[in-house]
Amino acid sequence: MATYLARRVVQAALILLGVSIITFALLYLLPADPVRQIAGRSATPATVDNIRRQLGLDQPFFVQYWRYLTNLLQGDLGRSYLQRSQVSELIASRLPATLILMAAGIACELALGLTMGLIAAVRRGTALDQSLMLASFVGVSAPQFVVGLMLLYVFGVQLGWLPISGYGTPAHVVLPALTLGILGAGWYSRMMRSSMIDVLRQDYIRTAHAKGLTRTIVLVRHALPNAILPIVAMIGIDIGIFMGGVVVVESVFGWPGIGQLTWQAIQRVDIPIIMGVTLVSAFAIVLGNLIADLAAPFIDPRIRLR
Amino acid sequence: MIVAREAGSPNMSKELQAPILSVSGLTVTAGSGAATRELVSDLSFDLMPGETLAIAGESGSGKSMTSLAIMGLLPKPGVRRGAGSIRLAGGSAQPVDIAALPEADLRRIRGDRIAMIFQEPMTSLNPVLSIGRQLMEVSQAHARVSSREARRLALDALDLVRIPDARRRLDQHPHELSGGQRQRVMIAMALLLRPDVLIADEPTTALDVTVQAQVLGLLRDLQTELGTAILLITHDMGVVAEMAERVLVMRDGRKVEAAATAELFTAATSDYARALLAAVPRIGSGANRIGTRGIEAATPAVEVKNLVVRFPLTGGLLGRPVANVHAVDGVSFTIAPGETLSLVGESGCGKSTTAKALAGLTPYMGDILVGGRDIGGLARAQAQAMRREVQMVFQDPYASLDPRMTIGEAIREPLDIHRIGSRSERSDRVEDLAKRVGLPPDSLKRYPHQFSGGQRQRISIARALALKPRVILCDESVSALDVSIQARVLDLLKELQAESGVAYLFISHDMAVVENISNRVAVMYAGRIVETGSRDQVFSAPAHPYTRRLIDAVPVPDPARRRASFPRLDGDVPSATRPIGYKAPAVRWRQVADGHWVAGPASPTG
């Protein structure tokens with residue numbers, strides 16, 4: 001177990017290193033010039049050169065990257081070009097809001113997706129199954145900003161049940177979380193359905209019926225833990241997809257999280273913030289996967305971590 | 001609740017009793033409307049308390065559907081119980097017609113008064129729940145019992161089926177148990193509430209012969225102890241002879257014949273039952289035997305020298321190998337052209353891995369010579385050409401053909417890959433091959449699902465023959481087939497060998513089949529060959545204790561030779577995990593007769 005963890009930590013460090021190189025290179029190759037953004041349109045070429053030199057952007061790529069990496073290893077994510085504050089502080093101040101949103105979103109997609117998939121599998125071939133799968137198809141295909149705006153219009157504007165924007169009370173989180181969750185719910189319901197159908201065909205389910213167990217016990221105790229196994233592994237990977245959704249949803253609902261920070265930074269080519277957010281997301285994905293892998297043996301005793 | 005069975009003559013007293021289970025006019029149908037088919041038609045039989053009634057038949061005979069219909073577990077949707085009644089008597093309760101019960105009442109009967117065990121012990125237990133949990137829920141589903149009481153009942157049940165170290169097993173999960181132990185757990189689960197009727201659907205078919213013997217012995221002992229009536233569903237006439245008092249032979253969903261076991265084996269009245277019994281391969285039957293003259297040839301078709309196949313176990317921070325599992329540990333043999341060598345042994349002994357190494361499907365150490373040329377260390381193109389010389393026929397005829405390829409394409413594919421002949425020559429060869437393996441002429445344009453298991457195995461044989469190989473590896477090639485079809489496929493293999501002089505490496509766990517087809521036999525145990533010799537030498541005068549145990553364990557399809565007791569307790573197969581750099585100690589061979597060799601004492605004792 002200790003060796004397993006040690007190996008995973010080494011792997012994680014290598015992944016983060018790779019992410020940092022690739023992102024840094026992509027941003028370096030970007031045609032947009034951060035110095036122009038900072039200096040403004042009316043700046044003289046001398047001012048522009050000056051700012052460029054100050055930020056060290058006149059140096060060759062590897063020098064720039066090396067400086068970023070050495071700072072990073074000391075825990076320094078750098079300063080924002082435009083906001084003049086530490087990137088780590090900016091991210092830290094936004095992180096709680098995003099974590100709340102993500103937790104609520106994941107809870108939403110799992111609750112919706114797993115329930116829909118379970119019901120569809122048990123009622124396979126019926127009209128209920130077909131309508132659930134149609135709904136999941138719509139959920140998977142609809143763009144998130146459209147879903148968000150529709151929910152906003154119906155529940156926020158027309159019905160007036162929920163606040164349309166902002167942050168602070170539990171009511172505020174409902175619509176953004178739902179918007180985030182609907183896409184994933186579509187995926188999970190399909191995965192859950194096929195996984196469950198597969199499990200229900202297994203010999204041990206027949207054995208469970210032959211023992212005289214009730215249908216509910218067979219479903220909940222015998223089928224569900226087996227069906228959910230492949231899905232647990234997915235949740236870890238899913239965090240990455242989620243980060244993309246967070247950017248959109250936070251913009252639509254004015255949620256003061258990392259997504260909005262990222263959106264603004266991209267518009268202004270604020271490279272340190274983009275780098276910082278990318279690394280934090282990558283870290284979250286690596287961590288999510290690790291947690292999912294560590295959880296697997298608790299569900300399936302056959303899995304040994306080595 | 002527990003009916004003590006009287007000693008003396010149980011048959012006499014049974015005739016006075018009422019049947020515990022009485023099935024009459026049972027019909028099971030599948031599909032709907034015009035496509036409705038009857039899987040079981042108008043079947044009637046009685047099961048007496050404490051007796052064993054076998055339902056025997058080949059695949060598609062409706063025997064399993066009958067057992068599932070009694071349990072109310074017919075596969076949904078599509079398969080339904082039609083007419084007929086299933087009356088369950090017993091104890092003080094009024095007889096009930098199970099067929100007329102609503103699901104909720106039927107559930108109470110399942111697992112309590114009628115229990116069932118299945119064929120596949122490896123998949124019949126839930127992998128994520130502990131053994132204890134799965135046993136405890138049986139009593140908890142049928143009565144209000146505290147978890148402490150349920151645990152005690154679970155422990156009693158494990159003791160009943162003689163699982164060593166039962167208390168520890170409760171907290172283990174199915175994957176920590178061997179196949180035989182899992183089947184014991186299944187039996188413990190089924191008998192936990194002391195049901196009146198136990199339905200055993202092919203209970204030992206998936207087990208090794210020595211384990212099969214133990215499980216059959218256990219079932220017989222428990223029946224004497226508890227007085228449970230057993231409905232035994234099987235295709236194996238050896239098991240029938242060993243276990244049943246009466247037999248019901250089914251075919252295409254109908255009863256063909258019902259008789260006392262001894263009567264059926266000596267004087268079957270129906271043609272079908274007689275044909276079925278005649279097709280059963282028997283050890284030492286004399287029929288269908290082929291000569292075992294030593295075949296001498298300048299170059300053996302295959303020569304294997306000191307073959308080792310090992311799989312690394314990795315560990316540590318960098319995932320370096322820390323030990324090796326020696327699946328095959330120093331195996332040597334030769335096969336002459338036109339000769340059949342059988343590798344026999346139980347699951348995990350390394351026989352299939354040996355075949356894989358020969359087919360180039362797994363890395364190995366040692367030398368493998370095909371037609372005198374070493375297949376290891378060849379360049380890619382040469383290795384590709386050598387592949388033509390070694391072909392395989394696998395066990396599962398359903399999984400080994402691509403469902404989207406026509407039969408013609410499947411047989412033709414090897415010719416295309418190796419670019420043999422012109423287009424029209426290939427087509428001629430495909431037609432010729434199909435004819436030789438006895439496929440109907442119109443089959444080339446059809447798809448695998450339109451063929452039966454036996455026909456599919458013929459297709460696989462045609463595909464293997466297409467390249468005129470020196471040797472065909474038959475890995476359990478007839479094990480999944482019904483006996484009558486099995487006999488015909490074995491005959492076909494022999495004919496083709498006589499015609500083409502191809503050598504077979506025949507791998508099987510079925511001793512009777514091996515005896516039928518082999519010239520020579522090599523017995524494998526824990527990755528090594530422990531005995532080798534001509535077929536007659538190995539079967540008539542087995543010299544190694546393991547070989548003797550293997551042959552003794554096979555149920556004999558003759559009720560007159562029923563064993564009074566079965567060998568008990570299994571010694572576990574030694575672990576094949578070895579430290580890095582392990583070298584197998586040289587085997588000390590002892591020659592007991594000309595060409596009959598036995599490994600020395602560094603081997604298991606039986």
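Which domains does the domain assignment of chain A give? I found domain 1 (2-73) and domain 2 (95-299); the bounds come from an automatic or database domain assignment.

**Conventions.** I noted that this is a predicted model, in which local features need pLDDT of at least 70, side-chain atom pairs count only at pLDDT 80 or more, and totals for chains, interfaces and linings use all residues. Residues are numbered from 1 along each chain as its sequence is written, chains are lettered from A and ligands numbered from 1 in the order in which they are written, and side-chain values use heavy atoms, with hydrogens and water left out.

**Chain A, outline.** I counted 12 helices and 0 strands in chain A. Helices (H or I, at least four residues) and strands (E, at least two) are DSSP runs, numbered from the N terminus. Along the sequence, the pattern of chain A reads α-α-α-α-α-α-α-α-α-α-α-α. I took the box of its C-alpha atoms along the principal axes and got roughly 85 × 55 × 30 Å.

**Domain 1 against domain 2, chain A.** I put the C-alpha centres of the two domains 33 Å apart. In contact (heavy atoms within 4.5 Å) are 17 residues of domain 1 and 16 residues of domain 2. The two domains bury about 1400 Å² between them, with 83% of it on carbon and sulfur atoms. Buried area here is the accessible area (1.4 Å probe) that two parts lose on being put together, summed over both. I then looked up the contributors: A:Arg8, A:Leu16 and A:Leu27 supply 34% of the area that domain 1 buries against domain 2, more than any other three residues.

I also searched this interface for salt bridges (a side-chain nitrogen of Lys or Arg within 4 Å of a carboxyl oxygen of Asp or Glu). The rule finds 1 salt bridge across it. A:Arg8 forms a salt bridge with A:Asp293, and their closest N and O atoms are 2.7 Å apart. Over all chains the structure holds 28 salt bridges.

**Chain A against chain B.** I found 22 residues from chain A and 29 residues from chain B in the contact. About 2400 Å² is buried between chain A and chain B, and carbon and sulfur atoms give 59% of this area. A:Arg206, A:Lys211 and A:Arg221 supply 24% of the area that chain A buries against chain B, more than any other three residues. The rule finds 2 salt bridges across this interface. I looked up A:Arg221 and found a salt bridge with B:Glu137, the closest N and O atoms being 2.5 Å apart.

**Cavities.** I used a 1 Å grid over the protein atoms alone: a cavity is a set of points where a 1.4 Å probe fits but cannot get out, a pocket is an open set with protein on both sides within 12 Å along at least five of seven lines, and lining residues have an atom within 4 Å of a point. Grid points are joined across faces, edges and corners, and a volume is the space filled by probe spheres set on the points.

How many cavities of 30 Å³ or more does the structure hold? I counted 5. The largest cavity has about 70 Å³ of space. Its lining includes A:Thr207, A:Lys211, B:Met186 and B:Met189. Helix 7 of chain B gives the largest share of this lining, 3 residues.

**Second largest pocket.** I got a volume of about 990 Å³. This pocket is lined by 27 residues, of which A:Leu200, A:His209, B:Leu74, B:Pro75 and B:Lys76 lie nearest its centre. Helix 9 of chain A gives the largest share of the lining, 4 residues.
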